[in-house]
Each structure stands twice: as C-alpha cells, then as structure tokens.
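Please take a look at it before reading on.

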Amino acid sequence: MNVALTGVLTYLALGVVGLLGRGRLCAALAILAGLAALAAWAPGFPERVMGGLPWGVPVAGDTLALAFWALILFVHAAVLWHERHRTGAFHPLLTLLMGTCLGTVFSRDLFNLYVALELASLLSFLLAGYEGKARAVWASLQYLVLATVGMTLYLFGLGLVYGKLGTLSISEIAVRSPDLSDPALAVGVGLLLAGAAVKGGLFLFGLWLPPAHGYAPTGVSAVLSGVVVKMGAVALARLSEAFPVGPVLVALGILTGFGGLLYALWEQDIKVFLAFHTVSQLGYLLIGFGLGGPAALGAILYAVAHGLFKGLLFLAAGTGIEGMGVRSIPALAGHLSLPVVLGLGVGTWAIVGLPPLAGFAAKGALAAGVPSAAKWVLFALGVGTAASFSKLIPLLRPAGRQGGLGGMGLLMGAVVGFGLWGLAEFSGLMTPGAWGEAFLGAGAGYVLYLAVRRFHPRLPRFTLDRAAVATLLGAVGLALGVLLA
Amino acid sequence: MEGIAAAALGIALGGSGLWTLVRRRNVIWKLLGLNVAAGGAILFLVAVAHRPGARPAIEGLGSGPAADPLPQALVLTAIVIHFATLALALVYVIFLTEHRHTQDVHKLEREPEEP
C-alpha cells in the first residue's frame with residue numbers, strides 16, 4: 001500500500017470518525033497525518049496501477065499533486081483555526097472534503113476523476129448550505145443542479161471516449177495519441193471538458209460559483225474558492241495531458257479571465273465580488289495549462305498562490321460581514337477592524353501581483369513561461385484585476401483593533417513566505433523591469449477603475465435556467481472547438 | 001443492433017431530461033429531468049460497451065467471449081452517486097418549501113433580505 005494513498009484514507013477515516021464526536025480534534029489529527037504522508041512521498045512517485053487488475057486505477061504523484069497537497073493542508077489548517085468555534089458536523093465534513101481533494105490530484109483515470117469530483121461536490125453542497133440560511137441553500141441547490149448537468153455531460157463523454165479507445169487511463173490514452181478529427185471522439189472529449197469546466201466554475205459553465213461561494217459560511221467560501229474549484233482545473237489539466245486540447249484550454253482561459261472580470265468590475269457585494277474574481281483568476285491557470293511546458297509549472301504555482309490569498313481574502317471579508325451584518329462594499333467602508341483590514345490589504349496586494357508577495361512571484365513565473373502574445377493577455381488580465389480591486393481601497397481604513405487574526409495570520413505568513421521564496425527561486429523577478437511592470441499594471445488598473453466607476457451597466461443576471469442553457473451551449477461550443485482545433 | 005438502439009435511447013433520455021430541466025419552472029420537475037438525463041447517461045455508458053453475442057461477465061455462465069465488465073462496474077458507482085445527489089437535492093427543496101413557501105424558480109430567484 002502506497003504511503004500517499006494511506007494518507008488520503010487516513011484523512012477520510014478521520015473525517016468519518018469525527019462525525020461521531022470530537023470533530024475538531026480529528027481534523028487536526030488528519031492534517032498532521034497528511035503532513036506526515038506528504039513528507040514521506042515527496043518529492044513524488046511514478047505512476048502505478050492500484051488494484052493489480054488490468055482495470056486498476058492508475059495514480060501518480062507529480063509536481064501538480066505535490067503543490068496541491070501543500071496548498072490543501074495549509075488552507076485546511078488555516079480554516080480549522082479560523083472556524084474553531086464551530087461544532088457539529090462542520091469540521092468532519094470539511095475534513096472529508098479536503099481528503100477527497102487530496103485524493104483527486106493523484107488520479108490518472110477518467111472515471112476515478114469523475115467519482116472524486118462528484119464526492120467533492122456532494123460535500124461542497126452540504127457545507128455551502130450548512131448554516132441553513134435560505135439564500136445559501138438556494139445557491140447550493142443551484143450549484144447542485146448545474147454540477148449534476150456537468151457530470152451528466154461528462155458521463156456521456158466518458159462513454160464516447162471509452163467506446164472509441166477502450167481505455168480510461170490518461171497515460172494510456174496519451175500514448176495512443178488519439179486522432180481528434182474523428183467526430184465521435186471529438187464530441188466525447190468536448191463533453192469531458194465541459195463537465196470539468198462546470199466543476200471548475202469557468203465562465204459560462206460555472207455560473208453557479210458566484211452565489212454559492214458568495215453566500216456560503218466564511219471558512220467554506222475560503223475552502224471552495226481556494227481549493228475545491230481548482231479540482232475542476234486539475235481535471236482539465238489531466239484531460240489536456242491525455243488529449244491534444246491545449247488551444248481549446250487557452251481560448252477557454254481567455255474567455256473565463258475576461259468574463260469573470262467584466263462581472264467583478266461593478267459587483268458591490270464583497271463576497272460575490274471575490275467569487276467573480278475566482279472565476280477570472282482561473283483564466284490564468286487555464287492559459288498556463290493549455291500552453292504546457294514551463295507555463296504549466298507557472299499555472300501550478302499560481303494555483304497555490306491564488307488558493308492562499310483568495311482564502312485569506314474570503315476569511316477577512318467573511319469576518320468583516322459577520323462583525324457588521326452588512327455585505328456591500330460601500331456600507332463596510334470605514335467600519336472594519338484592524339485584523340480584517342490587514343487581511344484584505346495583504347490579500348489585495350497579493351492578488352494584484354505587486355512585489356514581494358505570492359501573486360507577484362506566481363504571475364512572474366507564469367509570464368516567464370509563455371510566448372509574448374500571451375504575455376499581453378496576462379498583463380491585460382492583471383490590469384483588470386487591479387481595476388476591480390481598487391474598489392476595496394476605501395475599506396482599508398481601520399475603525400478599531402477588536403478581534404484577532406485567527407486563521408488569517410497563518411495565510412498571511414504563507415502569502416509572504418511564498419512570495420519571498422519565489423523571489424529567491426526565479427532570478428528574473430529581482431529585476432527593475434519586472435517590478436516596474438507590476439507597478440505599472442497596478443497603476444493602469446487604478447486609472448481604469450477611475451474611468452469606469454461612474455458607469456453602471458446592466459449586465460444580464462444569471463438565473464438557474466440561463467446558467468443551465470449557457471452550460472449546454474458551452475458544451476456544444478467546446479465539442480465544435482475540439483473538432484476544429 | 002441492441003447496442004445502437006440502447007445508445008440512441010440513452011441519448012434521447014439525456015436530451016429529454018435536459019429539456020425538462022431547462023423548460024420547467026418547478027424545482028421538483030427540474031430534478032426529475034436531471035434524474036432522467038443521468039439515467040440516459042448511465043444507459044449510454046453500458047450501451048457503448050455492448051458486444052453482440054457476448055455472454056454475461058460472470059465466471060461459469062455460458063461460453064464464448066464475455067461482455068466488458070468495466071462499464072457495468074462504473075455505472076454502479078454512478079448510480080449510487082446520483083442517488084445521493086438527488087436525495088440531498090430533495091432535502092434542500094423541502095427546506096426551501098418550508099422557508100420560502102414556493103418551489104417556483106422564478107420566485108426563489110428573487111432575493112430574500114437577510115445578511
């Protein structure tokens with residue numbers, strides 16, 4: 001038995017045991033077990049087939065899995081500490097969810113990915129509606145319906161691919177270098193991509209994401225945005241290892257990046273705003289995974305960095321909302337306590353990509369690995385991010401010192417530490433050019449914010465029906481895209 | 001021939017289920033549509049692995065080439081997952097019916113006032 005999978009099983013077992021009682025203790029033990037397993041299997045292990053039969057499930061511990069393990073364990077620890085007052089099923093469910101995510105990143109089998117993603121979603125639905133507020137439950141139900149639509153598409157795609165190729169192993173499919181000019185196979189791959197895109201909350205596929213992440217309890221939002229949506233991105237990255245769909249992922253990434261920004265720019269509910277930003281930042285990941293090579297490594301780093309600072313932002317925003325009882329950015333301005341302001345400030349500084357924090361290091365690593373045309377797209381995305389986050393500047397005026405940092409301290413330390421590690425690791429980041437570019441982007445973003453804040457365009461609202469239709473049309477588009485690319 | 005017919009039926013069920021999901025305003029109807037669509041996907045998965053004349057994939061039952069056991073194992077998992085998801089969805093519908101007194105999505109989408 002492989003030590004990494006033992007770690008996953010221990011995590012899941014402790015989650016189940018926690019349901020009987022002592023949920024927080026079990027969660028803490030699970031994190032320790034996870035760290036021990038991570039130390040034992042790092043820096044990785046080659047692909048092996050679990051089960052021994054010819055139909056066993058292939059797993060591998062690659063860089064992607066390593067980075068995600070570190071991220072998941074860290075975010076879980078921070079959220080456990082931040083939400084330590086919660087009792088009942090909250091922490092056991094969270095432990096189960098994190099354990100599922102730890103397992104997902106190893107999987108190199110299309111059906112196993114489906115099972116892992118479904119389990120993660122099922123636990124996410126439960127946690128998103130955990131507080132029993134009608135709005136959060138409705139958001140969670142929308143999430144559930146759209147996620148199931150996505151997974152139904154995924155199953156159809158799985159059937160087509162299995163019927164054509166006779167295997168579900170990602171490595172084995174890659175070896176056979178499938179020919180995507182075959183319409184049945186192209187449609188199958190398009191449906192698989194669409195299913196993963198729904199889980200990943202990409203623009204036009206994942207319109208469940210903003211309400212579900214926005215109205216979930218504080219710690220749950222941090223985990224959903226920081227870790228769980230990335231599982232969809234992981235599935236897309238695995239699919240791009242099996243099939244030559246890089247250009248489709250890049251196109252999807254550009255659409256997601258700018259689509260999310262468009263909605264984030266004018267959103268006034270702070271948590272929904274952060275959720276739309278999760279959509280837009282997924283664009284970076286997809287562009288990186290789609291281009292492959294060094295860009296894929298940059299995307300992995302950005303996934304980790306984004307998990308840390310978006311977790312921090314959601315914890316800070318949620319703490320502020322709980323303290324004030326209001327959600328809109330103008331109403332919160334000038335009423336937040338110092339720890340919340342610190343959390344929002346560090347998170348904003350990082351997500352805008354200013355040195356020396358994690359966002360700068362990860363965006364720099366990603367930009368270093370992409371061709372020059374893609375650099376401009378990334379720069380434009382960075383300007384848009386800075387423009388929409390400029391809205392938060394009025395919030396950065398503390399009104400008191402009450403309250404502690406909680407789990408935010410842990411994530412702040414990680415954001416700073418990751419940034420400094422990145423500066424030491426990537427020589428290209430310590431140049432005046434890179435720093436100048438980062439501040440130029442932020443400055444341009446602020447100017448853009450001043451220009452657009454007077455407008456209040458009426459963007460179409462996404463109801464459940466519209467989101468479902470968008471998902472189905474998006475799936476058709478993806479299938480056509482795979483066929484023509 | 002049975003394989004193609006079953007696959008076509010699976011696609012038809014998937015399409016009609018998704019159509020119901022999009023067209024109906026009642027949440028219960030939407031969930032029913034979703035369940036039919038998921039059933040279609042499961043049927044499709046079994047149908048694509050169909051081999052004419054194959055015996056059931058059980059040791060000692062008939063002779064000749066056995067059917068592919070993998071998709072049958074897969075759909076068992078998928079059925080369990082869909083069962084769990086549907087059960088949870090119905091619990092949420094019960095909750096919403098009690099708290100918002102409606103199952104109509106257009107009414108549910110009007111935001112209630114709560115922090």
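## About the model

This is a predicted model, in which local features need pLDDT of at least 70, side-chain atom pairs count only at pLDDT 80 or more, and totals for chains, interfaces and linings use all residues. Residues are numbered from 1 along each chain as its sequence is written, while chains are lettered from A and ligands numbered from 1 in the order in which they are written.

## Chain A overall

Chain A has 20 helices and two strands; these are DSSP runs numbered from the N terminus (helices H or I, at least four residues; strands E, at least two). Its C-alpha atoms fill a box of roughly 65 × 55 × 50 Å along the principal axes.

Of the 485 residues in chain A, 62% are buried, meaning that 20 or more other C-beta atoms, placed from the backbone, lie within 10 Å of the residue's own.

## Helix α15

Helix α15 of chain A covers residues 338-352. Eleven of its 15 residues are buried, so α15(A) is largely enclosed by the rest of the structure. Among them are A:W349, A:I351 and A:V352.

The buried residues of α15(A) pack against α13, α16, α17, α18 and α19 of chain A. After α15(A) comes A:G353, with a positive phi near 90°.

## Where chain A meets chain B

In this pairing, 36 residues of chain A are in contact with 36 residues of chain B (contact: C-beta atoms, placed from the backbone, within 7 Å). On the chain A side, α6(A) gives the largest share, 18 residues.

Methods
Expected span 1.5 Å × (residues − 1). Buried ≥ 20, exposed ≤ 12 C-beta atoms within 10 Å, placed from the backbone. Contact = placed C-beta atoms within 7 Å.
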